[in-house]
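Let's take a walk through this structure together. Have a look at the model first, and then we'll go strand by strand.

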Amino acid sequence: MPEKTYLQAISDGLRQEMRRDERVFVLGEDVGVYGGAFKVTAGFLDEFGPWRVIDAPLSEIAIVGGATGSALMGLRPIAELQFSDFVACAWDQVVTVAAKQHFRAGTPVPIVLRLPSGGGFSGGPFHSQSPESAFTHVPGLKIVCPATPHDAKGLLATAVEDPNPVLYFEHKHLYRRIKAEVPDERYTIPFGKARIERAGDDVTLVTWGAMVYTAAEAAEALQSEGVSAEIIDLRTLQPWDKRAVLESVAKTSKLLILHEDTRTSGFGAEIAAQLVEEAFEQLDAPIRRIAAPDTPVPFSPVLEKAYIPQVEDVAGALRELAEY
Amino acid sequence: MAVTRDTGSLSSSLDAEQLGLDRADLLSIYRDMLITRGIEERGHILYKQGKIPGSFYTGRGNEAAAVGVASAMRPEDAGTPLHRDMGVHVTRGVEPWRILAQYMAREDGPARGRDGNVHMALIEQNLVAMVSHLPAMMPVAVGLALAFRIRDERRVSVCWYGDGAAARGDAHEAMNFAGVRRLPVVFVCDNNQYAYSTPPQLEYACANLADRAAAYGFEGIVVDGTDVLAVYSTAKQAIEKARAGGGPTLVECVTLRMEGHAVHDDASYVPRELLEEWSKYDPIVRFRLWLGEHAQAGEAELSGLEEEVKTLLAEAQERAENSPLPDPNELEQGVYAEIEPPQGSPDA
């Protein structure tokens, strides 16, 4: 099986969807001639032409609204928001129009928004955010956060098939750093089905996106201390695989939740609340959360390192929970 | 404003035959205008009787603009009508009883009680249900046109907005994108001179909103929104131009909002003399006169039509009042659409 970077997996998946289904097209800023700010759609314009690879004006509202309108007429648009931070400009289109259309009008809005997210490269407050939690609060949206190249491709195919608005958060810091085996053939990965990144018995660690790798490093470090952590990669937040977390906690009785988004009202709070509601008697320790502090994403590398959860933060929390 | 308007019959010297409208078409347009106003008059009463929850908006004074544009569309064309555009739904064939059921939050309203007033549309009529954030529908309307262009279909999207919506950034992004890509979309600005209480001089600084079209590289036309044939003629040309690949047009239909923003609003901020002046240009009265003068429609025929519409709406109201209330047990259904099987070839 060929090895591909996370970015290549997304790019290959996109191309495969466009070859498979002529209803699929991409639009966004600089996606055509330039091939996308991160080169995810490099070469697409030549293969699919200017009406399936649409260089849009700098207009996030028109990009998302245009996607919604074309989806209502039977197409399957995939809109690239150059950085997930910029989806703020199109909040109304996502939350007011697309998310509510099926509930109130009975008309599906099958759009995929590709949202390059996350920090770790001094992108500063406007190119580094992980805004996925905010959108989990909006009924009608599906939220996808792949961590591996294999999942990135399979979840993208599922997103294109899904008749609902799907927000696909692709972590920029994984684009070229992460490489793994990815099948050439098309495959889908169901939404709402978590992946066990690492099996363990002492502590359950729930996370997603780039934090899966931070979690894995911390768990590896704790292994030598005799602490066995089970890492659950949720893969999708809406829907999310509560059953997988409950099953793991039934075994470990301890839960650590890790995310790169800020702490207050981050999706970790929802996971913690539901686990307390449904598994209180199985818990042998308070649920712990590790998340970014409640600040904007800072620019300076030393500040950003203090902002993004680090391996030693996670290792420390795992150790404390194991000893509790 | 570059619109001449007569108080009597329609000022347009348009020949109905030249417009491609036969007598039956003309009477059908008149009927749709009557139904539009009739539904809203009944709705107003139902609201005061407490039978319509929430708020209630009318498009009084906008009947010619809405019905005129909708009559110029083909069934395969699509659009995003707003809350003064009841006439669009009526013209495209939404049954009046379902509209009244919608207002009364019943199961048979197109939104099945999940959304109110004119927040409704039947997608099988190629209409998209509006949201309250009115200009947010503009990029969606452009998206409809984008789909037509991508598939190379001879279909046109109609994008409705108002003088208030024109002030929002969505309007700019929608028109700019449509202009850049020469998409088959017609922007119809219902300029009824008031955005809630805000008059034109506080909403925009250009002479006409249609002037803005030049900035996006297409034509803008101001039309008397109380003259249904002038609206029809202008809209028809714009729609057919778009269909032929000529790109967008902005059609500004100038009217006056003859009632409050919604029925709770007495519109005391609108000068009485302005309302009195515009009451002389009632679009239905004007078209009725024209039909008598130019379509040999006699008093008996027109009265008969008016009685027929009254009966239709009385029956519609009864049927709507008998529509069941939505079932609270189904509230959580339909937030998400169900997965459909994938299309296309399985191997890439």
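Which residues of E4(A) are buried on one side, and which on the other? A:Arg76, A:Ile78 and A:Glu80 are buried on one side, and A:Pro77 and A:Ala79 on the other, so both faces are covered. Buried here means that 20 or more other C-beta atoms, placed from the backbone, lie within 10 Å of the residue's own. Strands are DSSP runs of at least two residues and helices (H or I) of at least four, numbered from the N terminus.

Before going on, note that this is a predicted model: local features need pLDDT of at least 70, side-chain atom pairs count only at pLDDT 80 or more, and totals for chains, interfaces and linings use all residues. Residues are numbered from 1 along each chain as its sequence is written, while chains are lettered from A and ligands numbered from 1 in the order in which they are written.

Now for the neighbours. Strands count as paired if DSSP finds at least two bridges between them. Strand E2 of chain A (residues 24-28) runs parallel to E4(A) over five bridges, and A:Val26 has A:Ile78 as its bridge partner. E4(A) also pairs in the parallel sense with E5(A) (residues 112-117), over three bridges; there, A:Ile78 is partnered by A:Val112.

Over in chain B, five strands make an open, parallel sheet in the order E1-E2-E3-E5-E4. E1 (78-80) and E4 (219-224) of chain B stand at the edges with a single partner strand each, so one side of each has no neighbour in the sheet. E1(B) is joined to E2(B) (residues 157-162) by three bridges, with B:Val158 as the bridge partner of B:Gly79.

Conventions:
Buried ≥ 20, exposed ≤ 12 C-beta atoms within 10 Å, placed from the backbone.
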